[in-house]
Amino acid sequence: MKRFEVLNRDLNIHRHYLLEASAGTGKTFSIENLYVRLLIEDPICHVDQILVVTFTRAATSELKERIHKNIERSLSFIISGDIENSPDFVKKILECKTQTKKVKRRLEQALADFEEAFITTIHAFCERTLKECSFIFDEETEAMNDLVQSNEIRKVIHDFFITGLNQGSYSTVQLKFVLSKYGNDIRRVENALLNLLSRGLKIVSTECFEALFKNFSERFVLIQNKYQSEKILEDFYQLAPSFKKITNRQKEINPDILQNIKYFSSLFDQEFTKNAFEKLVSEGLTYAKVLHPDNMKCKAALPENLHYPELVNFVQENLHPIINEACDPYVILGRMAHDCQKLLENYLSHEEKYQYDDLLKKMLRRSCGANFANRIRGQYNAVIIDEFQDTDPIQWGIFRQLFLKDPEKRSHLYLVGDPKQSIYAFRQADIYTYMSAAESLGEDHLYSLDTNYRSEPRLVDAMNALFAKERIPEFFHLPKLMKSISCKQVFSGKQSNQIEFHDDKGSIHFIIGEGKKSGSKWPPKPLQEELFYSTIVNEMIRMKNECNISFSQWAILVRDRYQAEDFSRYCERFSVPTRKQKQKILLKSPAFQSTKELLEALNHPKDISALKILFGGSLLRWTHHQLKQLDEEDVLLGVCEKWSHLREKALKKGFAEFIDQLLRTTWKDSGTLYESMIQYSEEFFHEFVQICDLISEFQYQQNGSLIRCQQYLNDFETMEFNDDEGLKCHQNRDAETAEILTIHMSKGLEFDIVVPLGLMNRTPKKDNFIPVQNDSEGHLVAITDPESDLYRNFQKEIDSEKMRQLYVALTRAKHRLYVPIAIEENGSGEIMEGESSPIELFLSHFNHGENFVDWIDREGHQHNISYSLATSISPAPYKFVAQEIDLKCPEKVTIPGTQQVIKSFSSLTKSLTSTSLLNPPHDFNNPDKSPHTIPSGRDIGLLIHLILETISYEKVEQSFNSKDLKALIEPFTKNSLFHEWSDVIGEIIFNTLKKPFVNGVSLSEIPSESRFHEIEFLYPNNPSDNLLKGVIDFVFECSGLYYIVDWKSNWLGSSCDDYHADNLEQAMKEHDYYFQAAIYQQALERYLKPFETRSFEECFGGTYYLFLRGMNFHNDSGVCFIDRERAQLQLCYPGS
C-alpha cells in the first residue's frame, strides 16, 4: 500500500482514493489539507462542490472548524509570501508568482462562501438531497416530514399490547414466558421491543401460535394411533434410571416429571386440542427434555425390551423443535417486534414520518434512478467520507451508486478510515463494507498514512513491538472472508514534549492480577476493586504527589457505564476527582424525583400525604420518627404555616425566589436546607439547582403558573435528550479530574495517560438477536440454537471486533499505557467463543502462545514494556492543597449611553387600587359548579390561558356542546387544583371559542394560518426612552382585518347578567384596560409594519376584551369591543 503525503506538491489529488489512516497518523490533518488543495489546484472546486461526510454532529462541527482555519492559514501564507514555513503544495504556488493572485482570490472566495460548504452527516446529506429533489422529478415520492421520536414508537408498542396480542398469534402461556424473562415487568418488555425497533433492521418473524399448533398436530396425528399410553408409560419407567435428574437416591421418579409424562402419554388416547398443545408448551415437553441423549448417565445403557424404542427419537426430532420455538421467550419477543414493526410502518406512512434508516433506504432507491443520480453527480466534484470504516452496506451503496458508477466520472471519492478501528457493529457498521470498497477501487487507489504524531517515540516503538506481524500474524481475523489482516508498523513523528515519569516503568506497563472466579462475571467486582482499582488509584496519587502529573491527564477506559460508576465511587473514597464522559440525564437524577415531589406539594397544599412524601424524600430527608410527629396537630400546624408562607412566595415572586427562600429555611436542627443538602451530596445539590433553573427559566419565558411548571417537568419524561445539553447534568470541564469513558466513546480522542480497564472484562453471551445480511438489506433474527453455524459465526465476529476494540483502546495514549491483565486462578483455560475479554484474546494470539510474562522478562526492556503485580494495598486518600488566589477588586466600568428601564403594563398600573366590593369565590369544594363559582385568582387565569393557547381549535369547531371537550380539557386539569372543575372549564372554552364574532365568524372557525397566540413585544416608549414589554394573548385575521383578543377571567358577579356593558365598562376603567389595549395596539402596529403594505388604519379592526365567565350565545354579555380611536384617545388622555 502506497504512502499518502497530502502536502507533497507532486501528489495527484484528482482521482479516487481509499486512505487507510492508522490511529494518530493525522487523518483530519490530511482531510483539511486535501480540502484546500481541491479549492486551489486545477481543476478547482468551489466550496459548494465539495461534499464532506462524517458520522456524528460533534465530528461535523470539529471538522468544519478545522477546515475553515486551514483555509485561513493557507491564505495567510499566500499573503505573507512565507515560503519557509508553508506546506510544500503552497510553496509551489509561491514559487510561481503568476499563480499567487489567482489562488489568493480563490481562498478569499472560499472563506466568503464558507457558509455554503456542505460538511455534514450521512443522514443530513440524504435528508437535504431528498428534499431538494422532491419537486424536481415526476417520480412518485413517499412523504417524510419529521423524524419519529421514541415516545411515538412507545405509543405504537402500547397500541400493539392492546390490539395485537390476539389468541391466534400468541397464547397466554407464551406471553407469560416473555414477562417472566423480563422480571414480570411490562416496562422492560416495552424497552426490549423499543430497542429492537430502533436498530433499523427488518425483524424476521416466526410462526404464530396457531401455525405452530397446526404443524405440531399434523405430526402428532401421524403417530397417535401407533402408540398406546400405557406402553409409553411403561417404557418411561424402564428408561428413567438411565438418565440424570429424573429419580432421587431412592430411585423414585420426581413427581412433577412423572405427572408431565403421564399427561403426554394420555394424549395418545384422546383428540389432540389447542389446550393440550398449550399445556405441552407450558412445561416444555418434559418427555423430550429428560430423555435427551445429553442427559444420559455416563455408564448407562438403554433397555433392550422397550415397546417403542423409536418414539424418543421421533419426538425429539419432529415434535420437540416446535415446542422449543413455541416456548422460547426471545423467539416470541422477535415475533412481537415483527408485528410492532408492521404497525410502526403503518404509523410512519400515515403520519408522514420516518426513522433514520428509512432515509438511507429511500436515498439508495432514488440513487438508482438516472435523472436523480445525474443531478447529484453534477453538484459535487469531490466527495470526502471520513470514518469510512463505520459505514454500513446501505451507506456505501449510496455513494458507490452515485459517484463510483458514474459513467462520465465527474466526481472523485476520497474514502478515509481505518479497518482496525471498526468497532460499531451494534450500529450496523460493517468492516466488510470497507473491504468491499477497497476491492471496488482496486489496488492502485489504496494509500495509507503511516506516521504517528500522537504518541511519543518510546510509546510508538513499544506498540510496534506488541503489534508486530511476526508476533501476531493474524491480528485482525475476518471470519466471513476466512482471512486475516495484520497490523502495519508506523513511524514516529516529532514529539518534543515528553513527560518524565521518574520511575522504571515502561511506556506500556502491564498490571497483572490473579484471583478466583466467583459468580458468572470475570473478573468479579471484589477482585477488580481489591487488585486493579487500588493499584491504579495508588499510581494516580503517587504521580500527582511525586511528578505533579495532574489527575486530568488520566483517562480510564471502561467496558460500560456500570464499571464507570464502580470506578468513580472507588476514586471518591480516596478523594481522587473523576468525571464521566457520558453525561447523566437529569431525568435519571434522584434530584428529578425530588423536584417532582416539591411541585406536587406546592400545587396541592391541602394534601398532607404529598407534604409527607416531600419531607420524607431525598430533598429534606426526614426520618420516620420526624414524619410521625406530623400526626401531632401542633407540629403539623407549624409545618403547614411555614410551607404556606413559602408557597405564597412562589405565587407572588415566582419559582426562583421560592427556591432561594427554601434553601435558606431551617427544617431540622442541623442548619439550613442548603447546608444539609451540601453535606448529604454536592452532586445531588447541583443537579437539583440545575433542574430548578430550568423550571425558573421556563416560568419566566412562558409566564407560567406552578401548574404549568409541574406539567413542564412531567414532559421531561417524553423528551428526546440526545442533543439537548440543557437536559443533561452539568459537569465542570475545567476541574482537575480524571476522565472516565467507555472504549467506544474514546475513539478519536487522545490522552496523556490511559488505563484501558475494560479490556480485562469478559462478555457473557447476551445478544439473542443477530444481524444477518441478505443482499444489501440487513435482518434481525432470533437465535433458537446456540450451536448453530449462524450463531457460532456471529460469536467469531464478536471476538474479531474485540481485537479491534483492543487496538482502539491501546492507541489513545500519548505518553503511557497501564494495561490490566486478570488471570483466573485454577482456570480451565477454555472460554466459549464470544465470551473472552479483549486482553485474553490478545494473549492467546501473542507470539504463538508463548507465556507473555516470559516474553516481557526477555525482550520487554528493549521495547520499553514492563509489568508489575497488582497490589491490594488501599491508597492513602489524596490531600488537596488549596492554592491562594489573589483577588483584586475590578475597576469601575462606566457604560456609555442613557439608562433604559423595561416596564410592563402591570408595573405602570401597580399603583391602582381596586374599589370593588365584590367577593369572588374561592371554595374548591363548592358542589354548585359553574363559570360563576369556579375559584377566582391567578391560577385559574393562567390555566385557562394555557388551554386557549394550546387546545385544538379545529376539534372545538367539530364539537356540538361543551361535554365534547372533556377529553381535551382533562389533560390540563388532572394534576391541578381544578381537576373537579373540568366540565366548567370546558363550558367556558366552548362558549368563548364558539361564540360568533366578526361577520358571524367564531374564533374556532378562524384558520390556523390566521391565528397568532402569545405575541411577545418589546419597544421604546417615546419620549421617555423606556422600553415597554408584554404579551398579546391572541391576534386573528378575518375579512382582511387584524383583531386583538385579550382573555379576562375576572369575576364580576354570580350570573351572566352581571357581565352587561355597564359592568364591563366599570371593570375596564377600574383596571385601566383601555390603556392596556392602547399598548397592545401600538405593539401590533409595529409587529405588522415589516410585511403589511396597508396602513394600520386600513388593516386593523379593533380589540376584543373577553370576560370569559360571562360568555354565552344569547347576548353580547362578557364582550367589550374597543375600536382604534378609543385606544388612541386613551394614549393621549389617560383615564378618558
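Modeller: An axis here is a line fitted to C-alpha atoms, over the stretch in contact for helices, and angles run from 0 to 180 degrees between N-to-C directions. Keep in mind that this is a predicted model.

Colleague: OK. At what angle do α1 and α4 pack?

Modeller: Helix α1, residues 27-40, and helix α4, residues 97-112, pack at about 120°, and their axes are 9 Å apart. The two are therefore oblique to each other, and their crossing is right-handed.

Colleague: Which residues of α1 and α4 make the contact?

Modeller: From α1, V36, L39 and I40; from α4, V103, R106, L107 and A110. Sorted by class, that contact of α1 with α4 has six nonpolar residues, no polar ones and one charged residue.

Colleague: New topic. What span should α21 have?

Modeller: Helix α21 covers residues 525-547, which is 23 residues, so at 1.5 Å a residue it should span 33 Å. Its end C-alpha atoms are 30 Å apart, which agrees.

Colleague: Where does α21 bend?

Modeller: At Y533, by about 35°. After α21 comes N548, with a positive phi near 55°.

Colleague: Last pair. How do α36 and α38 cross?

Modeller: Helix α36 (residues 938-950) and helix α38 (residues 966-973) cross at roughly 130°, with axes that come within 11 Å. They are therefore oblique to each other, and the crossing of α36 and α38 is right-handed.

Colleague: And what makes the contact there?

Modeller: L943, L946, I947 and T950 of α36 meet I969, F972 and T973 of α38. By class, the contact of α36 with α38 has five nonpolar, two polar and no charged residues.

Conventions:
Residues are numbered from 1 along each chain as its sequence is written. This is a predicted model: local features need pLDDT of at least 70, side-chain atom pairs count only at pLDDT 80 or more; totals for chains, interfaces and linings use all residues. Side-chain values use heavy atoms; hydrogens and water are left out. Helices (H or I, at least four residues) and strands (E, at least two) are DSSP runs, numbered from the N terminus. Angles under 35 degrees count as roughly parallel, over 145 as roughly antiparallel, 65 to 115 as roughly perpendicular and the rest as oblique. A crossing is left-handed if the near helix is turned anticlockwise from the far one by less than a right angle, and right-handed if clockwise. Contact means heavy atoms within 4.5 Å. Ala, Val, Leu, Ile, Met, Phe, Trp, Tyr, Cys and Pro count as nonpolar, Asp, Glu, Lys and Arg as charged, and the others, Gly among them, as polar. The expected span of a helix is 1.5 Å times one less than its number of residues. The bend at a residue is the angle between axes fitted to the seven residues ending there and the seven starting there.
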